[in-house]
Each structure stands twice: as structure tokens, then as C-alpha cells.
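Please read the account below with the model open beside it.

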Amino acid sequence: IFNLNEALVENLSEIDPKIVETLVQKADFFPWLLSRIQKEGFDNVKQYSSEILAISLQNSQANRLKLGELGG
């Protein structure tokens, strides 16, 4: 799994949302992100990961379908 920084992904999505779509489709980005969100309890990492997930989904049908395939 990649050790990506959410801030980097957020900035890339502002530059070109297609970059994040490529990341989702060609890397294990959603499983990594979901593992951070599904941990028990609540903290800033979980909140920020949730925000990145929302950003990744809002303008990409392909990303929404990929999340559905993963049971998200």
C-alpha cells in the first residue's frame, strides 16, 4: 500500500480531478483510505481521510463504482 499524504491528494484534485481518478483506478488508494476511515474511534486522521474520500467521489462516476466494488 502506498504511503500517500492526504494533503497531496487534495492538492492534486484541485489541479486536475482526473489525476485522482487515475490514482484510484491504478493504485490501491481506496483500500488504503478505507483502512484509515474504518479504524475504531475518531481522530483528525479519520476525519481528513473521510474528506479526501468525498473529494475523490464527488466528480467521478468511475471512482464511485470502484468504491462500490470494494464494499465501501
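This is a predicted model: local features need pLDDT of at least 70, side-chain atom pairs count only at pLDDT 80 or more; totals for chains, interfaces and linings use all residues.

Residues are numbered from 1 along each chain as its sequence is written, and side-chain values use heavy atoms, with hydrogens and water left out.

The protein chain has five helices and zero strands, where helices (H or I, at least four residues) and strands (E, at least two) are DSSP runs numbered from the N terminus. In sequence order the pattern is α-α-α-α-α. The C-alpha trace spans about 30 × 25 × 20 Å along its principal axes. A compact globule of 72 residues would have a radius of gyration near 11 Å, and the chain agrees with this at 11 Å; the radius is taken over C-alpha atoms, and the globule rule is 2.2 Å times the number of residues to the power 0.38.

Contact means heavy atoms within 4.5 Å. Of the contacts with a separation of 6 or more, 56% come from residues 24 or more positions apart.

The chain exposes about 4,700 Å², and carbon and sulfur atoms supply 52% of this area, as computed by the Shrake-Rupley method with a 1.4 Å probe; for residues, only the protein chains shown count as cover. There are 7 positive and 10 negative side chains, and the centres of the two sets lie 5 Å apart. Lys and Arg count as positive and Asp and Glu as negative, with His and the chain ends not counted; each charge is placed at NZ of Lys, CZ of Arg, CG of Asp or CD of Glu.

Of the 72 residues, 31% count as buried, that is, under 20% relative accessible area, with exposed over 50% and partly exposed in between (1.4 Å probe, protein chains only). In soluble globular proteins, nonpolar side chains tend to be buried together. A nonpolar core is a set of buried Ala, Val, Leu, Ile, Met, Phe, Trp, Tyr and Cys residues joined through side-chain atoms within 4.5 Å. The largest one here has 13 residues, of which Phe29, Phe30, Leu33, Leu53 and Leu67 touch the most other members. Helices α2 (17-26), α3 (29-37) and α4 (44-58) each give two or more residues to this core, and α3 gives the most, with six.

The buried residues of α3 are Phe29, Phe30, Trp32, Leu33, Leu34 and Ile37. They pack against α1 (6-15), α2, α4 and α5.

Which residues does Leu67 contact, leaving aside its neighbours within four places in sequence? They are Phe30, Leu34, Leu53, Leu57 and Gly72. Leu67 is in helix α5 and counts as buried because its relative accessibility is 9%. Its C-alpha lies 9.5 Å from that of Leu53, 14 residues away in sequence.

Asn63 is also placed in α5 (residues 61-69). Asn63 is buried, with a relative accessible area of 1%. Leaving aside neighbours within four places in sequence, Asn63 is in contact with Val20, Glu21, Val24, Gln25, Phe30, Ser56 and Leu57. Asn63 and Lys39 are 24 residues apart in sequence, and their C-alpha atoms are 22 Å apart in space.
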